[in-house]
Amino acid sequence: MTVTALPSLDTPIAFIGGGNMASALIGGLLRQGLPAAQLEVVEPFEPARAALAQAFGVTAQAAPSPALARARLVLWAVKPQTFAAAAREVRTHAAPGALHLSVAAGITTDSIAHWLGSERIVRAMPNTPALVGRGMTGLYARPQVDAAARALVEQVLEPTGQLLWLQDEAQLDAVTALSGSGPAYVFLFLEAMARAGTEMGLTEAQARQLALATFQGASELAARSGDAPALLRQRVTSPGGTTHAAISHMQQHQVPEQFIAAMHAAQARAQAMAAEFGKDHEAIP
Ligand SMILES: NC(=O)c1ccc[n+]([C@@H]2O[C@H](COP(=O)([O-])OP(=O)(O)OC[C@H]3O[C@@H](n4cnc5c(N)ncnc54)[C@H](OP(=O)(O)O)[C@@H]3O)[C@@H](O)[C@H]2O)c1
């Protein structure tokens, strides 16, 4: 999506967690002109702090401090299993009116609201192509999050790729199964196509180039075409031809059905993770 007419970004932002996802977002913010002095990063792991300093000139802190209180936006980029403990440490330092944006998989806004004592929460499900500015992020905001806060979230995430707001938080489990885990499905297909290519006499480099370019080209064609993927597929599948031989083999072996079942398994796992990592929901007074 295109974000227009936003003010220049000069808002104090705190990151809780300074790993992969935080680095992708911090890089995007600095490229948008956010002064590094406006960033506060809490990252307990020393090598990760050193990596942030080297990549971005950002000084991260090992533990939360009162300096967090100046952040208008607190961005949560910790692993789901450490969220509750991190929230316990941060809660006393964050400003009561701060907006909280979480990218942690499977942590519901109910859990976050309970842990932080705040209703100003947006939950995001990004994917790894965010690291190269071609990500797809699903977003859900609690009803108490106003339009200005949503616009700030869009501005922060826009450099990572496309954004999609959802009305229902449960849809984030479907987003997780589709675009969140989706890059791994594409990598699996790339692996299989490249392996088949080498089995048929191509070098590894040739097979990799052919597989990658095919994914990129077919995705671009599908994105630009007004026609459904099924129609695009039928157009290149002449009866008795080579593509027909491959697609018929996949259909006979129920590849589409198995693929859909696999995505349902990912959705079920996202739902189970929410129950598992949110379980100390009642543990904080
Ligand atoms: N990477 C992706 O593409 C992707 C996609 C969708 C969603 N997500 C979600 O984004 C979140 C972050 O993922 P990631 O790939 O960025 O993970 P990551 O690279 O492991 O980063 C998480 C960082 O948070 C730090 N941390 C742990 N406890 C902390 C605490 N109490 N206070 C502050 N920082 C703490 C970790 O330090 P230690 O190493 O010391 O534990 C680690 O450096 C996860 O919930 C993940 O599910 C990631």
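How many Å separate a backbone N or O atom of Asn20 from an oxygen atom of the ligand?

Analyst: Happy to walk through it with you, keeping in mind that this is a predicted model. The distance you ask about is 2.9 Å, between a backbone N or O atom of Asn20 and an oxygen atom of the ligand. Glu43 places a polar side-chain atom 2.6 Å from a ligand oxygen atom, while at Ala105 a polar backbone atom lies 3.3 Å from an oxygen atom of the ligand. As for cover, the ligand taken alone would expose 880 Å², and the protein buries 79% of that area.

Now for the wider surroundings. The shell around the ligand holds 23 residues, and Asn20 and Glu43 are among those that come nearest, together with Met21, Val78 and Thr128. Sorted by class, this shell has 14 nonpolar residues, six polar ones and three charged ones. Helices take part as well: α1, spanning 20-31, and α3, spanning 83-90, each supply at least two residues of the shell. As for the space itself, the ligand sits in the second largest pocket.

To place all this in the whole chain, the protein is divided into domain 1, covering 13-168, and domain 2, covering 182-253. Their C-alpha centres lie 36 Å apart. The five nearest residues, Asn20, Met21, Glu43, Val78 and Thr128, carry numbers that fall within the bounds of domain 1.

Methods:
Residues numbered from 1 in each chain as written. Predicted model: local features only at pLDDT ≥ 70, side-chain atom pairs only at ≥ 80, totals over all residues. Heavy atoms only, no water. Near = heavy atom within 4 Å. Polar contact = N/O pair within 3.5 Å; in protein donor to acceptor, adjacent residues only side chain to side chain. Areas by Shrake-Rupley, 256 points an atom, 1.4 Å probe, with all protein chains shown as cover. 1 Å grid on protein atoms, 1.4 Å probe; cavity = no way out; pocket = protein on both sides within 12 Å on 5 of 7 lines; lining within 4 Å. Sits in = over half its atoms within 2 Å of the grid points. Helix = DSSP H or I, 4+ residues; strand = E, 2+ residues; numbered from the N terminus. Nonpolar A, V, L, I, M, F, W, Y, C, P; charged D, E, K, R; others polar. Domains from an automatic or database assignment.
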